[in-house]
Amino acid sequence: MPLIRECVVTTLNAAGEPHLAPLGLIEDGDHWIIAPFRPSTTLKHLEARGQATASFIDDAEVFAGFVTGRRDWPLAAIDGWPAPRLECALAHAELEVARVAADEQRPRFFCAVRRIESHRPFLGMNRARAAVLEAAILSTRLHMLPREKIDSEIAYLKIAIDKTAGAGERAAWERVMAKLAAHFGEGG
């Protein structure tokens with residue numbers, strides 16, 4: 001299995017307006033692969049402009065926000081590069097499409113890394129943040145997985161929330177749990 005780094009990818013439309021999407025970048029030697037599903041805005045922008053910025057974050061609320069509909073995250077301009085990064089990014093990578101592997105459902109954009117820049121320190125791993133990330137990803141697959149699998153995964157992930165979450169992680173967790181409850185028609 002390849003190494004996948006979860007991040008937020010910024011691409012630009014023809015007018016230079018940014019589009020943000022949480023994605024897993026696949027490391028492949030000197031390249032990082034962006035593999036958006038068809039159809040998607042990210043795919044359309046990569047085909048048109050061939051540039052992206054990957055923002056590496058440790059803020060669980062951002063991932064939870066994306067899967068529950070929030071798209072208006074503060075951005076920061078990058079000197080000499082058109083696609084902005086998330087303001088909260090610990091680091092960002094500037095990516096240029098070097099080649100494309102065509103695919104009917106999910107083409108792969110092999111990107112050369114133009115530059116990586118750090119913005120703030122990484123202060124270590126946190127199990128609750130990882131649990132929110134996993135729950136957020138799980139919430140995008142509700143149509144594909146049986147209810148028992150979802151309930152089992154959430155029960156396990158909640159252990160990390162109960163033991164290690166701060167206020168931000170708890171708020172992010174609740175946001176994702178509200179999405180699951182709405183999907184399953186459970187009030188609130």
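This is a predicted model: local features need pLDDT of at least 70, side-chain atom pairs count only at pLDDT 80 or more; totals for chains, interfaces and linings use all residues.
Reader: Which side chain of opposite charge is nearest to Arg 85, and how far away is it?

Author: Arg 85 is buried and has no salt bridge. A salt bridge requires a side-chain nitrogen of Lys or Arg within 4 Å of a carboxyl oxygen of Asp or Glu. The nearest side chain of opposite charge belongs to Glu 117, at 6.2 Å.

Reader: Which side chain does a polar contact join to that of Arg 85?

Author: Arg 85 has no salt bridge, but its side chain does take part in a polar contact of 3.2 Å.

Reader: Which residues are linked with Glu 117 in a network of salt bridges?

Author: Side chains of opposite charge can pair when their charged atoms come close. Glu 117, the nearest side chain of opposite charge to Arg 85, belongs to a network of salt bridges. The residues linked with Glu 117 there are Glu 94, Arg 114 and Arg 115.

Reader: How many salt bridges does a search of the whole structure find?

Author: One of the salt bridges joins the side chains of Asp 58 and Arg 129, at 3.3 Å from N to O. Asp 58 sits in the loop between strand S4 and helix H2, and Arg 129 in helix H3, 71 residues apart. For the whole structure, the search finds twelve.

Reader: How many residues apart in sequence are the parts that Arg 147 and Glu 186 tie together?

Author: The side chains of Arg 147 and Glu 186 meet in a salt bridge of 2.5 Å, N to O. Arg 147 lies in helix H4 and Glu 186 in the segment after helix H5, so the pair ties together parts whose separation in sequence is 39 residues.

Reader: What separates Glu 153 and Lys 149 in helix H4?

Author: Glu 153 forms a salt bridge with Lys 149, with the closest N and O atoms 2.8 Å apart. Glu 153 is partly exposed at 30% relative accessibility, and Lys 149 is partly exposed at 39%. Because the two are four residues apart in helix H4, their separation is about one helical turn.

Reader: Why is S4 described as largely enclosed by the rest of the structure?

Author: In a regular strand the side chains alternate between the two faces of the sheet. Gln 51, Thr 53 and Ser 55 point one way from S4, Ala 52, Ala 54 and Phe 56 point the other way, and all are buried. S4 is largely enclosed because the number of its residues that are buried is six of six.

Reader: Which residue in S7 is the bridge partner of Ala 52?

Author: S4 pairs with strand S1 in the antiparallel sense over three bridges, and in that pairing Val 9 has Ala 54 as its partner in S4. S4 also pairs with strand S7, in the antiparallel sense over six bridges. In S7, the bridge partner of Ala 52 is Leu 95.

Key: Residues are numbered from 1 along each chain as its sequence is written. Side-chain values use heavy atoms; hydrogens and water are left out. Buried means under 20% relative accessible area, exposed over 50%, partly exposed in between (1.4 Å probe, protein chains only). Lys and Arg count as positive and Asp and Glu as negative; His and the chain ends are not counted. A polar contact is a pair of N or O atoms within 3.5 Å; within protein, one must be able to donate a hydrogen and the other to accept it, and residues adjacent in sequence count only if both atoms are side-chain atoms. Two strands pair if DSSP finds at least two bridges between them.
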